[in-house]
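This report describes one protein chain, beginning with a single residue and its partner and then turning to the chain as a whole. The sequence and structure are shown below.

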Amino acid sequence: MNLSTTQSSPSRIARRTRGQTHGPVTRLMSPSDFGRLLKPFVFLDLFDNHGKPFSGFGLHPHSGIATLTYVLEGSVGYEDTNNATGLLFAGGVEWMRAGAGVWHGGGGGDPGRTRGFQLWIALPPEQELGPSESLYQAPEIIPSDGPARVLLGSYGTATSAIKAPSSMNYLAVQLKAGERWRYEPPSEHTVLWAAVATGSVLVPDEIAEGELVAFHPSNAAIEFEAQTAAEFVLGSAVPHSHELVLGSHSVHTTAKALKEAEARIATIQARLVEEGRL
């Protein structure tokens, strides 16, 4: 992981990274690096199969977190142990609140290029051992305000139908070359980051394609100017004040909560084996 502190002043950017790439997935954020700076946002993956066939990920467990997958191009298949299965198309959202434990999987949908982001969010103590929830939103029902699509939270006149686990916004923004867009976070949101999928933007420092940047803690507004046509996602939130206790596919606030969730995951696994799904 290449972490560097931006030296130019008065830059709002604290750190930036291009993450680590394995096959079609680039992990831009994890709890061992940016996730500790930006929690409740703890993982961010940028995926792009560049048109090559991609078998995807079979059923696997999560607990203590919520995941939000946003498709920029192409389509992805999905299935979960809440009895949902189908295809998610460009502009669509998969929301999975794992709670005390859930299994889900997915991969390439229709042939061709597939791109998008998957974000993991740490749940607060009152939700980390709660029921699981899955929600799949078609592109046409994602609310927007100007160039910003609201994936979680609220911005301008638009509010997501998904109930966020704590106070946060997660937006997907598309700007034309030369277009400017201003984001003013809620007063209590001092966690702020952005990741660029295509093109580049100025803040006023450049954020290039494939980069994630963490901004210095602040609730001050920030203006984005597209140098070229650009797609990026942006997150802001109230800081998550709890520890991150990690399992192989889970994030909890205590070791006790992790142990309880792992027991539930094992129970679901036994049922999946019995059903012939694993």
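R115 counts as buried because its relative accessibility is 9%, where buried means under 20% relative accessible area, exposed over 50% and partly exposed in between (1.4 Å probe, protein chains only). The model is predicted: local features need pLDDT of at least 70, side-chain atom pairs count only at pLDDT 80 or more, and totals for chains, interfaces and linings use all residues. Residues are numbered from 1 along each chain as its sequence is written, and side-chain values use heavy atoms, with hydrogens and water left out.

R115 forms a salt bridge with E73, a term for a side-chain nitrogen of Lys or Arg within 4 Å of a carboxyl oxygen of Asp or Glu. E73 belongs to strand β7 (residues 65-73) and R115 to strand β12 (residues 115-122), so the pair ties together parts that are 42 residues apart in sequence. Helices (H or I, at least four residues) and strands (E, at least two) are DSSP runs, numbered from the N terminus. E73 itself is partly exposed, at 28% relative accessibility.

By the salt-bridge rule, the count comes to 11, including these:

| Salt bridge | N to O distance |
|---|---|
| E73 and R115 | 2.7 Å |
| R277 and E79 | 3.5 Å |
| R277 and E275 | 3.8 Å |

Salt bridges with shared partners join E79, R271, E275 and R277 into one network.

Over the chain as a whole, the secondary structure comes to two helices and 27 strands. Of its 278 residues, 54% count as buried.
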